[in-house]
Amino acid sequence: MKRRKRKVEVFGLSFMDCICCGFGATILLYMILNSGQSRRADTALDPLRAETNRLEQEVLEGQANLVELRNTFDVVRQEAATTAGLSTRLIDVVKQSQEELATFEAQTIAQRAHNNKLQADLKSLEEGAKRLSGGLPSKEVPGDRVRSFVGNGDRQYLTGLKVGGSHILLLVDASSSMLADTIVNAVRRGLLPPADRLRADKWRRAVRAADWLSAQLPRDAKFQLYVFDTQARSILPGTDGTWLDARDRPSLDKAIVNLRSTAPKGGTSLENAFAAAARLNPPPDNILLITDGLPTQGRTPPRGTTVSGKERLRLFERAAEVLPRRVPVNTMLLPMEGDPMAATAFWKLAMATGGSFMSPSRDWP
């Protein structure tokens, strides 16, 4: 019996084991080497990651700053638009002030020429009187008036105005409404410097009226001149609550000079003005009031920014309650636009106190 030949296998189990072991060793070596390379790569990339994070943070901060700059730019642009509007309004006010200044200068030149003519006429009359009398004119001032006043218009007197009395109080409204005949112009002029407010035509009319009244005071009378806005005060500092002698010509002239240099401002408190009159000792027996309308506040400022016509009439009635008893109030009204009840209210006050009421023309005195 023949024995079968055994078939020889080239790739046996031992060879496969060797191949697998070698392949596994290769993989193990690769893993060992790769793990070290990964750590080195991480170490090398750390600075780059930090730089990237820093740049990202700067980008975020830059975006936030950009938003803030845009908001600031919008605010600046709005403020620039507002400033442009204000500058336009200021330019208009300056132009109007320049035009009014030119008008005032022209009026001043005309008044100087008129005064020069009056002085020449007066000198001529004095020379004629001297020739007629045959000697020097008497140094005694004729009549019983302390001062003289010559106006620019044709009317040199007022019929019915009572300027007599032994203690005469002259009250002059020096609030900002005395700067113009309309509310808009009064508010606009109230924003101007004091020197510009002093040139307001309405205020100059009020000063001329007070000057005329001071020239009508009797020689044997006592007088006081108060101005009032939100508060009342004597035009001569340090004389509040005291009476002055009408024969004291320097004090009377100083009072008018101080009145000319007082710039109107603020609101109108007739209650404080009448309260100041009541504090005089003895109380006045005649009040000469120069104003332009109903008051805008009482003893204290109002809570709101505007005062209605009814509220102003109520403030007037409250002011009349603090007025000294049995004292005539003679009112000279320089009317303000938008205050129709003022004339009626002051006329009723004149009737109730035994005084008088009038509203003179623009060219008086």
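Hi everyone, thanks for coming. Please keep in mind that the model is predicted. Let me start with the overall picture. The protein has 365 residues, and 33% of them are buried. Its secondary structure comes to eight helices and seven strands. If you take the contacts with a separation of 6 or more, 80% are between residues 24 or more positions apart.

Now for the inside. The largest nonpolar core has 35 residues. If you want to find it on the screen, look for Leu 170, Val 172, Trp 203, Leu 213, Leu 225, Leu 259 and Ile 290, the residues with the most contacts inside this core. Two or more core residues come from each of β1 (167–173), α4 (201–215), β2 (222–228), α5 (249–260) and β5 (286–291). Which element gives the most to this core? That is α4, with seven residues.

Setting aside neighbours within four places in sequence, Leu 225 is in contact with Leu 170 and Val 172, with Arg 233, Ser 234 and Ile 235, and with Ala 255, Ile 256 and Leu 259. Apart from this core there is another one, with 25 residues, including Leu 270, Ile 287, Leu 294 and Leu 333.

Two of those names lead to my next stops. Leu 270 belongs to helix α6, where the buried residues are Leu 270, Glu 271, Asn 272, Ala 273, Phe 274, Ala 275, Ala 276 and Ala 277. Because eight of the nine residues of α6 (270–278) are buried, this helix is largely enclosed by the rest of the structure. What do the buried residues of α6 pack against? They pack against the strands β1, β2, β3 (232–234) and β5, and against the helices α7 (309–321) and α8 (341–353).

The other name is Leu 294, in the loop between β5 and α7. Is Leu 294 buried or exposed? It is buried, because its relative accessible area is 2%, and the cut-off for buried is under 20%. Beyond its neighbours within four places in sequence, Leu 294 contacts Arg 312, Leu 313, Phe 316, Asp 339, Met 341, Ala 342, Ala 345 and Phe 346. Take Phe 316 from that list: it is 22 residues from Leu 294 along the chain, and their C-alpha atoms are separated by 6.3 Å.

Arg 197 is buried and yet has no salt bridge. The nearest side chain of opposite charge is that of Asp 196, 8.2 Å away. So what does lie by the Arg 197 side chain? A polar atom of that side chain is 2.9 Å from the backbone oxygen of Pro 264. Not counting residues up to four places away in sequence, Arg 197 touches Leu 179, Arg 189, Gly 190, Leu 192, Trp 203, Ala 263, Pro 264 and Lys 265. You have met Trp 203 already, among the residues with the most contacts in the largest core.

Last stop, the cysteines. The structure holds zero disulfides. Cys 18 is in none, and the nearest cysteine sulfur, that of Cys 21, is 6.6 Å away. Likewise, Cys 21 is in no disulfide, and its nearest cysteine sulfur is that of Cys 18. Cys 18 counts as exposed because its relative accessibility is 55%. Cys 21 counts as exposed too, at 57%.

That's my tour. I'm happy to take questions!

How values were computed
Residues numbered from 1 in each chain as written. Predicted model: local features only at pLDDT ≥ 70, side-chain atom pairs only at ≥ 80, totals over all residues. Heavy atoms only, no water. Core = buried A, V, L, I, M, F, W, Y, C linked by side-chain atoms within 4.5 Å. Buried < 20%, exposed > 50% of the residue type's maximum accessible area, 1.4 Å probe, protein only. Helix = DSSP H or I, 4+ residues; strand = E, 2+ residues; numbered from the N terminus. Contact = heavy atoms within 4.5 Å. Lys, Arg positive; Asp, Glu negative; His and termini not counted. Salt bridge = Lys/Arg side-chain N within 4 Å of Asp/Glu carboxyl O. Polar contact = N/O pair within 3.5 Å; in protein donor to acceptor, adjacent residues only side chain to side chain. Disulfide = S-S within 2.5 Å.
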